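Here is a short briefing on one protein model. Keep the sequence and the 3D view open as you read.

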Amino acid sequence: MKVIIRTDASIEIGSGHVMRCLTVAKNLSLNGCEVIFWMQDLLGNLIDYVNREGFGNIFEAEQADLYIIDHYGIDKEWESKIRVFTKKIAVIDDLANRKHDCELLLDQNALPNFESRYDGLVSDTCVKLLGPKYLIMRDEFIDARRLLRKRQEKIENLLVFMGGSDPTNETTKILEALEDFQFKHVDVVVGNGNVFKEQILEICEERGYYYHCQINYMAKLMQQADFAIGAGGSTTWERCYVGLPSSSTIVASNQREGTEYVEELGLVINLGWHSDVTSETYKQLLKNVQIKDLSERGLTLTQNEKPNAWVYKILELIK
């Protein structure tokens with residue numbers, strides 16, 4: 001069965017859509033599907049990275065048994081036009097701000113009204129996979145969860161990851177704040193789309209921090225960390241899934257509602273909107289952070305009987 005995934009990465013968009021689609025692609029490939037990506041050649045794209053992960057890329061529509069769309073710029077109008085190329089359409093979304101023409105919709109996020117927020121945006125026959133029960137998790141995270149260690153409350157190992165492109169340059173603010181602290185081990189992760197990555201590498205080398213760029217072993221770093229300074233969005237769920245206490249800075253408007261809700265649930269420390277967050281904010285966080293119970297709450301909310309349960313629902317569409 002042929003599956004085309006329509007998504008994009010860029011400096012502006014970030015890398016999150018493509019990274020979660022790679023997990024979808026690998027799971028479908030293991031189940032006998034031929035998977036091809038359709039990504040535009042944007043500044044900061046991940047086309048070469050996806051190629052190295054074993055998937056080709058096209059630049060225009062082709063016939064396929066299923067189209068999977070993970071793109072905020074695509075709605076019902078585009079999806080309806082692509083119908084001449086496919087039997088079935090699945091959509092991955094978390095905004096719930098536009099209508100879709102699809103047989104299946106997947107939104108892994110927990111929000112106050114997550115079970116009803118797509119009412120009226122998709123057809124009554126659309127299969128809706130909603131909430132953390134349907135988390136899209138790479139195998140490395142599933143394996144890491146099986147090998148959980150008890151977190152210590154004293155922070156010795158720190159992880160910094162502010163998203164693939166980090167468009168608001170939070171990483172530099174954090175590095176400024178870290179001048180006042182001595183941790184046993186500091187991992188700093190950036191994506192290829194981070195325009196400040198060379199300066200960040202230089203600072204890491206000067207201070208003896210461990211620098212990582214566009215990696216596929218994030219779960220390993222999360223496993224060994226005591227605390228993470230991160231952004232909102234899908235990596236919030238990865239941190240919760242492996243029981244890693246963390247802070248979240250809201251770096252995009254679509255992260256606001258979700259980050260505020262997981263703060264209410266006691267899963268993360270919400271630092272707020274990025275323009276209100278300074279190096280002093282990160283400094284105060286590290287001085288006063290209390291991580292008790294954050295790990296256990298994250299593990300409880302992300303618990304499910306069958307990891308990546310969504311894959312079976314997608315396969316049912318194209319049998």
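Arg149 and Asp226 make a salt bridge, with 3.2 Å between the closest N and O atoms. Arg149 sits in the loop between α4 (139-146) and β8, and Asp226 in the loop between α7 (218-224) and β11, so the pair ties together parts that are 77 residues apart in sequence. Note that this is a predicted model.

**More on salt bridges**

- Side chains of opposite charge can pair when their charged atoms come close.
- Arg149 is partly exposed, because its relative accessible area is 33%. Asp226 has a relative accessible area of 1%, so Asp226 is buried.
- How many salt bridges does a search of the whole structure find? The search finds 22 salt bridges.
- One of these joins the side chains of Asp8 and Arg6, at 3.1 Å from N to O. Asp8 and Arg6 are both buried.
- Asp101 and Arg83 also meet through their side chains in a salt bridge, at 2.8 Å from N to O. Asp101 lies in the loop between β5 (86-92) and β6 (104-107), while Arg83 lies in the loop between α3 (76-81) and β5, so this pair ties together parts that are 18 residues apart in sequence.
- Arg83 has 23% relative accessibility, so Arg83 counts as partly exposed.
- Salt bridges can also form a network. Arg20, Asp70 and Asp94 are linked in this way.

- Look at the β7 end. Four bridges pair β6 with β7, in the parallel sense.
- Asp107 stands opposite Leu130, which is in β7.

- Is strand β11 (residues 227-231) largely enclosed or open? Five of its five residues are buried, so strand β11 is largely enclosed by the rest of the structure.
- In a regular strand, side chains alternate between the two faces of the sheet.
- Both faces of β11 are covered. Phe227, Ile229 and Ala231 are buried on one side. Ala228 and Gly230 are buried on the other.
- Strand β8 (residues 157-161) runs parallel to β11, and four bridges join them. Phe161 has Gly230 in β11 as its bridge partner.
- Strand β12 (residues 246-250) also runs parallel to β11, again with four bridges. Here Gly230 stands opposite Ser248 in β12.

**Two residues with positive phi**

- Asn169 is not a glycine, yet its phi is positive, near 55°. Asn169 is found in the loop between β8 and α5 (170-178). Its relative accessibility is 15%, so Asn169 counts as buried.
- Gln214 is not a glycine either, and has a positive phi of about 50°. Gln214 is placed in the loop between β10 (210-213) and α7. Gln214 is buried, because its relative accessible area is 14%.
- Buried means under 20% relative accessible area, which is why both values pass.

**From strand β12 to helix α9**

- Ser247 lies in strand β12. Its relative accessibility is 0%, so Ser247 counts as buried.
- Glu264 is in helix α9 (residues 256-264). Its relative accessibility is 64%, so Glu264 counts as exposed.
- How many residues apart in sequence are Ser247 and Glu264? They are 17 residues apart in sequence, and 13 Å apart in space from C-alpha to C-alpha.
- Glu264 belongs to a patch of negative charge on the surface. Glu257, Glu260 and Glu263 gather there with Glu264.

Definitions and conventions:
Residues numbered from 1 in each chain as written. Predicted model: local features only at pLDDT ≥ 70, side-chain atom pairs only at ≥ 80, totals over all residues. Heavy atoms only, no water. Patch = residues over 30% accessible without salt bridge, like charges linked within 9 Å, V, L, I, M, F, W, Y side chains within 5 Å. Areas by Shrake-Rupley, 256 points an atom, 1.4 Å probe, with all protein chains shown as cover. Salt bridge = Lys/Arg side-chain N within 4 Å of Asp/Glu carboxyl O. Lys, Arg positive; Asp, Glu negative; His and termini not counted. Charge placed at Lys NZ, Arg CZ, Asp CG, Glu CD. Buried < 20%, exposed > 50% of the residue type's maximum accessible area, 1.4 Å probe, protein only. Pairing = 2+ DSSP bridges.
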